[in-house]
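Subject: Structure for you, with notes on its aromatic rings

Hello,

Here is the structure I promised to pass on. Please open it and keep it in view while you read my notes.

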Amino acid sequence: MSDVAEAVRIVGISGSLRKASFNTLLLKLLKEKAAPCILIEVVALDHIPLYNEDLDRLPQIPEVAEFRNKISASDGVLIVTPEYNHGVPGVLKNALDWASCPAFNSCFKGKSVSIISSSPAFTGGVRAQYQLREVLVSMYAHLVTGPEVVVANVNSKFAGNAYTDDDGLEFVLRTLQLLREQILLQRAVSVVQKDHAYTGG
Ligand SMILES: Cc1cc2nc3c(=O)[nH]c(=O)nc-3n(C[C@H](O)[C@H](O)[C@H](O)COP(=O)(O)O)c2cc1C
């Protein structure tokens with residue numbers, strides 16, 4: 001048996017466009033601290049236009065096609081987001097609306113997804129997290145269950161780019177392990193299903 005851990009490719013999405021965003025900072029930190037078998041590509045939402053069903057036809061808008069293709073090609077998605085007015089930030093919801101089409105057969109169908117929220121408030125963006133779960137369920141994403149990761153008072157946990165809460169970071173990093181475990185389980189199931197199809201079982 002190989003002792004090289006099986007790699008998974010994750011698309012990381014921040015729900016904030018802000019240059020000094022704590023959520024983007026946290027996402028980048030997770031990319032840096034992730035185990036070598038967890039490869040995270042941070043995908044920015046800056047160039048995704050406002051969703052308009054009239055524009056959602058072939059040929060696809062290049063920025064949208066690129067976003068959808070990256071998600072399709074990934075093994076899973078990690079969303080790190082703030083909460084705006086007790087809800088999912090518009091930029092994130094907008095990008096997910098693009099990604100959700102074609103409905104019921106989108107790049108998110110069957111995709112493993114983990115959510116982290118963070119906020120300077122003690123509530124840590126938990127309400128956005130719950131709304132986001134509902135949005136992803138409608139897209140047939142496979143949400144990773146386990147402890148909900150809500151980073152409260154996030155502004156006090158960064159000193160520049162350095163994260164000062166070591167125990168908290170361990171807990172947040174566990175999200176990536178759970179995401180990887182679910183992806184590997186899905187992989188194993190799809191191998192069994194293929195074998196079953198070949199043998200006509
Ligand atoms: C329009 C707006 C609405 C906000 N609403 C909430 C909110 O409902 N709950 C919350 O915890 N923080 C709220 N905040 C504060 C954000 O959590 C804070 O600005 C945070 O730093 C944004 O995330 P970022 O640092 O990743 O950009 C709001 C901020 C803005 C600009």
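The notes below cover the aromatic rings in this predicted model.

A search of the whole structure finds four aromatic pairs. I describe two of them here.

Start with Phe 22 and Phe 158. Phe 22 sits in helix α1 (residues 22-33), while Phe 158 sits in strand β7 (residues 158-159). Phe 22 has a relative accessible area of 23%, so it is partly exposed. Phe 158 has 10% and counts as buried, because the cut-off for buried is under 20%. Both residues also belong to one aromatic cluster, together with Tyr 163.

Now look at Tyr 51 and Trp 98. The ring centres are 4.5 Å apart and the planes are at 65°, so this pair is edge-to-face. Angles over 60 degrees count that way. Tyr 51 lies in the loop between β2 (38-43) and α2 (62-73). Trp 98 lies in helix α3 (residues 90-99). They are 47 residues apart, and the pair links distant parts of the chain. Tyr 51 is partly exposed at 25% relative accessibility. Trp 98 is buried at 1%.

One last item is a charge over a ring. Which residue lies over the face of Tyr 130? Arg 133 does, at 5.9 Å from the ring centre.

Best wishes

Note on methods:
Residues are numbered from 1 along each chain as its sequence is written. This is a predicted model: local features need pLDDT of at least 70, side-chain atom pairs count only at pLDDT 80 or more; totals for chains, interfaces and linings use all residues. Side-chain values use heavy atoms; hydrogens and water are left out. Rings of Phe, Tyr and Trp (its six-membered ring) pair if their centres lie within 6.5 Å; planes under 30 degrees apart count as stacked, over 60 as edge-to-face and the rest as tilted. Helices (H or I, at least four residues) and strands (E, at least two) are DSSP runs, numbered from the N terminus. Buried means under 20% relative accessible area, exposed over 50%, partly exposed in between (1.4 Å probe, protein chains only). A charge sits over a ring if NZ of Lys or CZ of Arg is within 6 Å of the ring centre and within 35 degrees of the ring normal.
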